[in-house]
Each structure stands twice: as C-alpha cells, then as structure tokens.
Amino acid sequence: MLDTLREKALALADEITKLDEYAEFLKCERALKEDDVAQQLLMDFQQKQHEFVTKQMSGEFDQDLMNELTEIQSKLSARESVVNFIDAYNKLLATLSEVLDLIGERIRINIAEVYRR
C-alpha cells in the first residue's frame, strides 16, 4: 500500500515539473543566479543581516546597519531578476498550496493548520 502511495506521489511530482509555473520558476531562478549584481547584493544583505541580529542579541541596536540593510533591500527590490524570481516563486507556491489544500480536503485534514503548529 505504501509503495503505491509513493509511486503516486512521484507521479504527482512529475506532473508538477510539467507545469508552466514550475518552468517559469526555474527560468527566473537561473536568471537570478546569473545576475552578478543581485548575487552580490544578496550576499551583502545576508552578511549585514547576520551582523544586525548578532548585535541585537547582545542588546545593541545599530541604526547605521539598519539603514544599510534597508538600502540593500531597496536595491534588491529594483532588480528585475529579483522581482521576477519572487513573482514566479509565489505563483508556484500558490499552485502547490492549492494541491495541498485539495489533498487536505479529501483526507479531511487542514494541512496548512497542522503545518503551522
């Protein structure tokens, strides 16, 4: 029984890879990875974010660092590759959420609610 379920899960995964949303996500992910400026901004953001959180944990608030984070985030939001990636990711996620909701309805379990716990 479990083997049959696994086979069907793999078949579902195969069908998901055929979706336009999935293809668009992969295309936008590739474009984002090839955008050297965006990649550098993302690395800078992660580094500054780590510094900020570390300082916060020690009770320090660094306004200059917060301003730098805001500036980097603003630059990221202006990059076409970032905007397209986020849009494609959200569309794929919405489709996958719909699939999970359908499964949850059929088995009478609110998967989203269980996941949040």
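The protein chain exposes about 9400 Å², of which carbon and sulfur atoms supply 55% (Shrake-Rupley method, 1.4 Å probe). The model is predicted: local features need pLDDT of at least 70, side-chain atom pairs count only at pLDDT 80 or more, and totals for chains, interfaces and linings use all residues. Residues are numbered from 1 along each chain as its sequence is written, and side-chain values use heavy atoms, with hydrogens and water left out.

Of the 117 residues, 19% count as buried; buried means under 20% relative accessible area, exposed over 50%, and partly exposed in between (1.4 Å probe, protein chains only). The C-alpha trace spans about 55 × 35 × 20 Å along its principal axes.

A search of the whole structure finds 9 salt bridges, each a side-chain nitrogen of Lys or Arg within 4 Å of a carboxyl oxygen of Asp or Glu.

| Salt bridge | N to O distance |
|---|---|
| K18 and E15 | 3.1 Å |
| D62 and K55 | 2.8 Å |
| E71 and K75 | 3.3 Å |

K18 counts as exposed because its relative accessibility is 58%, whereas E15, at 46%, is partly exposed. E71 and K75 both lie in helix α4 (residues 63–77), 4 residues apart, about one turn of the helix; helices are DSSP runs (H or I) of at least four residues, numbered from the N terminus.

Key. Helix = DSSP H or I, 4+ residues; strand = E, 2+ residues; numbered from the N terminus.
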